[in-house]
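Subject: Structure handover

Hello,

Here is the structure for you to look over. My notes on it follow below.

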Amino acid sequence: MAKRNLPHPPNLDQLKHRAKDLLRSLQRGEPEPVSEFTELHPRSVPPTEAKLSDAQLVIARGYGVPSWPRLMLACKMVAAIHHDDVD
């Protein structure tokens with residue numbers, strides 16, 4: 001189940017920054033991000049050993065999407081619809 005909804009239109013750069021911010025928070029051991037990471041990450045990865053791809057996965061799952069590439073595709077599709085870009 002999604003914990004949050006994508007803004008309309010979604011901002012890919014903002015999502016990339018959120019993933020980097022999440023990674024930094026995990027590396028510092030901040031309790032709330034660690035809790036979200038533990039809840040949403042499918043594997044048992046110690047949060048302090050997380051990589052950017054792990055943070056991206058957690059961001060995607062927070063939006064109810066199974067992977068980061070799928071989240072990027074969904075964002076591009078929503079943006080195209082929003083901008084009436086049929087190509």
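This is a predicted model: local features need pLDDT of at least 70, side-chain atom pairs count only at pLDDT 80 or more; totals for chains, interfaces and linings use all residues.

How many residues of H3 are buried? The count is 8 of 11, so H3 is largely enclosed by the rest of the structure. The buried residues are Asp54, Ala55, Gln56, Leu57, Val58, Ile59, Ala60 and Gly62.

**Glutamine 56**

Glutamine 56 lies in H3, which covers residues 52-62. Is glutamine 56 buried or exposed? Its relative accessible area is 17%, and the cut-off for buried is under 20%. Glutamine 56 is therefore buried.

Which residues does glutamine 56 touch, leaving aside its neighbours within four places in sequence? The contacts are Ala19 and Trp68. One distance for your checks: the C-alpha atoms of glutamine 56 and leucine 12 are separated by 12 Å. Along the chain, these two are 44 residues apart.

**After H3**

Glycine 64 follows H3. Its phi is positive, near 80°.

Proline 66 sits in the loop between H3 and H4. Its relative accessibility is 46%, so proline 66 counts as partly exposed. The band for that label runs between the buried limit of 20% and the exposed limit of 50%.

Proline 66 is in contact with Leu57 and Arg61, leaving aside neighbours within four places in sequence. Leu57 is itself one of the buried residues of H3. The C-alpha atoms of proline 66 and valine 45 are separated by 17 Å. That pair is 21 residues apart along the chain.

**Rings and charges**

How many aromatic pairs does the structure hold? The number is 0.

There is a charge over a ring, though. The charged end of arginine 4 sits over the ring of tyrosine 63. It lies 5.5 Å from the ring centre.

The protein has 12 positive and 11 negative charges. Their mean positions are 5 Å apart.

**The whole chain**

The protein has 4 helices and 0 strands. From the N terminus, the order of elements is α-α-α-α. Its C-alpha atoms fill a box of roughly 45 × 20 × 20 Å along the principal axes.

There are 87 residues, and 34% of them count as buried. The accessible surface is about 5,800 Å². Carbon and sulfur atoms account for 52% of that surface.

What share of the contacts between residues at least 6 apart in sequence joins residues at least 24 apart? The figure is 54%.

That covers my notes.

Best regards

Definitions and conventions:
Residues are numbered from 1 along each chain as its sequence is written. Side-chain values use heavy atoms; hydrogens and water are left out. Rings of Phe, Tyr and Trp (its six-membered ring) pair if their centres lie within 6.5 Å; planes under 30 degrees apart count as stacked, over 60 as edge-to-face and the rest as tilted. A charge sits over a ring if NZ of Lys or CZ of Arg is within 6 Å of the ring centre and within 35 degrees of the ring normal. Helices (H or I, at least four residues) and strands (E, at least two) are DSSP runs, numbered from the N terminus. Buried means under 20% relative accessible area, exposed over 50%, partly exposed in between (1.4 Å probe, protein chains only). Contact means heavy atoms within 4.5 Å. Accessible areas come from the Shrake-Rupley method with a 1.4 Å probe; for residues, only the protein chains shown count as cover. Lys and Arg count as positive and Asp and Glu as negative; His and the chain ends are not counted. The place of a charge is taken as NZ of Lys, CZ of Arg, CG of Asp or CD of Glu.
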